Protein chains: 2
Amino acid sequence: MPDTLSYEQAGVNYDLIDPLKVAAQRAAAATAGNLGAHGFREVKASRGESAYVLDVGPFYLASIVECLGSKSLVADEMNKLTGRSFYDGIAQDTIAMAINDLITVGATPLVVQAYWAAGGSDWFGDAQRSQALVAGWKAACDTCGVAWGGGETPALAGIVEGGRIDLAASCTGLINPKSRLSVGDELAAGDAIVLLHSSGIHANGLSLARKLVERLPMGYLTPLAGGTYGEALLAPTVLYSPVTEALFKAGITPHYCANVTGHGWRKLLRHPAKLTYRIDTLPPVPPVLAFIQQHAKQDDREAYSTLNMGAGFALFVKPEDAVRTLEIAEQLGVPGTLAGRVEAGEKQLLIEPLNIRFSDEDLQLR
Amino acid sequence: MPDTLSYEQAGVNYDLIDPLKVAAQRAAAATAGNLGAHGFREVKASRGESAYVLDVGPFYLASIVECLGSKSLVADEMNKLTGRSFYDGIAQDTIAMAINDLITVGATPLVVQAYWAAGGSDWFGDAQRSQALVAGWKAACDTCGVAWGGGETPALAGIVEGGRIDLAASCTGLINPKSRLSVGDELAAGDAIVLLHSSGIHANGLSLARKLVERLPMGYLTPLAGGTYGEALLAPTVLYSPVTEALFKAGITPHYCANVTGHGWRKLLRHPAKLTYRIDTLPPVPPVLAFIQQHAKQDDREAYSTLNMGAGFALFVKPEDAVRTLEIAEQLGVPGTLAGRVEAGEKQLLIEPLNIRFSDEDLQLR
């Protein structure tokens, strides 16, 4: 094994997944006509975005399903090492994966459904863990102002590994009024790029983070930033919907939003428009991400192409709204950075302080 | 091991799952107030029903997430034995789990999201299987008139078993006009019970069906009804939404619907009302279910309490609508049986031809 630990070496091969994704997206797009029989239509620009949007007349309807990923494996290991259940935070992470995607299109999240697929009935027999999951799930719903509608708690021995749980959340919301729709139609040169800070690794890059443990003599208990590596990894993902809701109430409609998840900062290139995104100011890098970059011996390009590196959520707003956007987020306990601007030019992301350039070829998801 | 094979012996322990379900349902119910800030409210009667319903003004919004369960394990075994991929049917099963639940409240399903969590990236590398999954998913969406919005295709090594896939679907729909809401307010003595037929085991009872293979010298290739046991198990679940949509167009609004899934016929007792459900005519038992009952040496009570035994979906309609309901379903290729009626009396299900009685104590999910 070479010294540098890339995401593929950590077990995630996007080359194998993405062709299926493309095939599925094409088949999915071909079903849009089914809505005509109901008198509705899809918002075509939402295809390939983080949430799917439907025009149902008085408002738009947005929906999504999202997976936590492998972060629960860290919680399981840390539980063995510390006796503490981290499933309250894991619940927040799972909901954040869905909510933070849904709000990118301008939706107010309204209902969350829980998908908790355990490796066997006995998973649910651990009362401390189950109660933490329930309590954290409820708290995250309350933070986001959504109703927890229900869900599914199957025991899937033979599919989910024994002692493990596959966590996901679906979310439905409305874009109301319809002018809140933010699928990028108005994204344009001159827009400011506001990056809302992350709390740490959030829920993307965990395969890499877990692989790294093999290189650390103290493993998850390696001291880091006043705690341990494991604790730092388990900082719950920031829920950004209170910010987007407050922005709407303040009269600010982002032209576009990008949830920074898999593919790291390459997600800033998500929109198909031919535009240049120039970053001149970087958000602070959370200690846990600096630690991962250092120990995985990643260069900046590798790190920013897989991890959020401090940027949890990107808002593309009118330049005159940028400062107020930051103030509103800050008031809600979510600091941000006015990181750069959108410019005319070829499709690329320029991270100037690090001399990094990502082009469209670096993110082929559509 | 005793000769009789019960559902618990097959590895599903509802006693361990249901207390968590109850705790989650209580916490979920406490989040309903969050909707007030958006000017909306939940339809409280939908708590504990198969789909969650929200009043958003001009119409009701219904949403759900549902899991396939372990049926994909049968497809995997049959693939080894026959070389054929059954994932087109598995896709339909997964969508049916969500759609058939969503329509119970009177909703028109509009959007389906795919949740395909594989045990590793290599799952998606099998092109035949992946293409079958995509094609079957699209075909089921087309049958139900829904748009496939998108989804999630994570590779979850360490959580999902290698070579396996955890399949689920979320679905969002509208109840429009609002008079289509069928959460049981109008369920009453005198209503007819129409049971739409199943195509086989559907996607509930597979743990038992798989366990049974150990008792069969020829396993999944045991001859059954002109094919094999494995093929019979893999008959795709019937999609019932074309029937409910056609009923609406014909002016028939069911008073209540029950999707017959886990807990078998006990699901007919789902509604909290104090009513007696008297069954005088049984739907034909699909050969695969008769086979399972026989080889698992289950008595009728055990079989009807865990398997659908031919009844895939129950419609509770005005007595004068019963015959027309059957005609409409039959025209769509979904035969049914006018099975009995709702009566005043204690909460119980009486399956008279088999001398079986289930009471409320047999179904504690709320």
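This is a predicted model: local features need pLDDT of at least 70, side-chain atom pairs count only at pLDDT 80 or more; totals for chains, interfaces and linings use all residues.
View 1. Residues count from 1 along each chain as written, chains are lettered from A and ligands numbered from 1 in written order, and side-chain values use heavy atoms, without hydrogens or water.

**View 2. Cys257(A) is in no disulfide.** A disulfide is a pair of cysteine sulfur atoms within 2.5 Å. By this rule the count over all chains is 0. For Cys257(A), the nearest cysteine sulfur is that of Cys171(A), 15 Å away. Cys257(A) is buried, and its relative accessible area is 2%.

**View 3. Leu133(A) sits in helix α4 of chain A.** The helix spans residues 127–144; helices (H or I, at least four residues) and strands (E, at least two) are DSSP runs numbered from the N terminus. Why does Leu133(A) count as buried? Its relative accessible area is 0%. Which residues does Leu133(A) touch beyond its neighbours within four places in sequence? Its contacts (heavy atoms within 4.5 Å) include Tyr87(A), Asp88(A) and Ala91(A). Trp116(A), Trp123(A), Ile165(A) and Leu167(A) are in contact with Leu133(A) as well. Tyr115(A) lies 18 residues from Leu133(A) in sequence and 12 Å away in space, C-alpha to C-alpha.

**View 4. An annotated domain in chain A.** An unreviewed UniProt entry assigns "domain: PurM-like N-terminal" to residues 48–175 of chain A. Such annotations may be inferred rather than shown by experiment. In the model, this span is 36% helix and 31% strand. Its end C-alpha atoms lie 18 Å apart.

**View 5. An open sheet of 7 strands in chain A.** The order is β10-β12-β7-β13-β11-β14-β15, with mixed pairing; two strands pair if DSSP finds at least two bridges between them. β10 (256–259) and β15 (356–359) of chain A each have a single partner strand, so each has one side without a neighbour in the sheet. Neighbouring strands are turned by 20° on average, direction ignored.

View 6. β7 (residues 192–197) and β13 (residues 336–344) of chain A pair antiparallel over 5 bridges. Here Ala192(A) faces Arg341(A). β11 (residues 275–279) of chain A also pairs antiparallel with β13(A), over 5 bridges. Leu275(A) stands opposite Ala344(A) there. Strand β14 (residues 348–351) of chain A runs antiparallel to β15(A), joined by 4 bridges. In that pair, Leu349(A) is opposite Phe358(A).

**View 7. Helix α10 of chain A lies across strands.** Axes are lines fitted to C-alpha atoms, for helices over the stretch in contact, and angles run from 0 to 180 degrees between N-to-C directions.

**View 8. The sheet in chain B.** Its 7 strands form an open, mixed sheet in the order β10-β12-β7-β13-β11-β14-β15. The edge strands are β10 (256–259) and β15 (356–359) of chain B, each pairing on one side only. β11 (residues 275–279) and β13 (residues 336–344) of chain B pair antiparallel over 5 bridges. Arg278(B) has Arg341(B) as its bridge partner in β13(B). Helix α10 (residues 322–331) of chain B lies across β7 (192–197), β12 (311–317) and β13 of chain B.

How values were computed: Buried means under 20% relative accessible area, exposed over 50%, partly exposed in between (1.4 Å probe, protein chains only).
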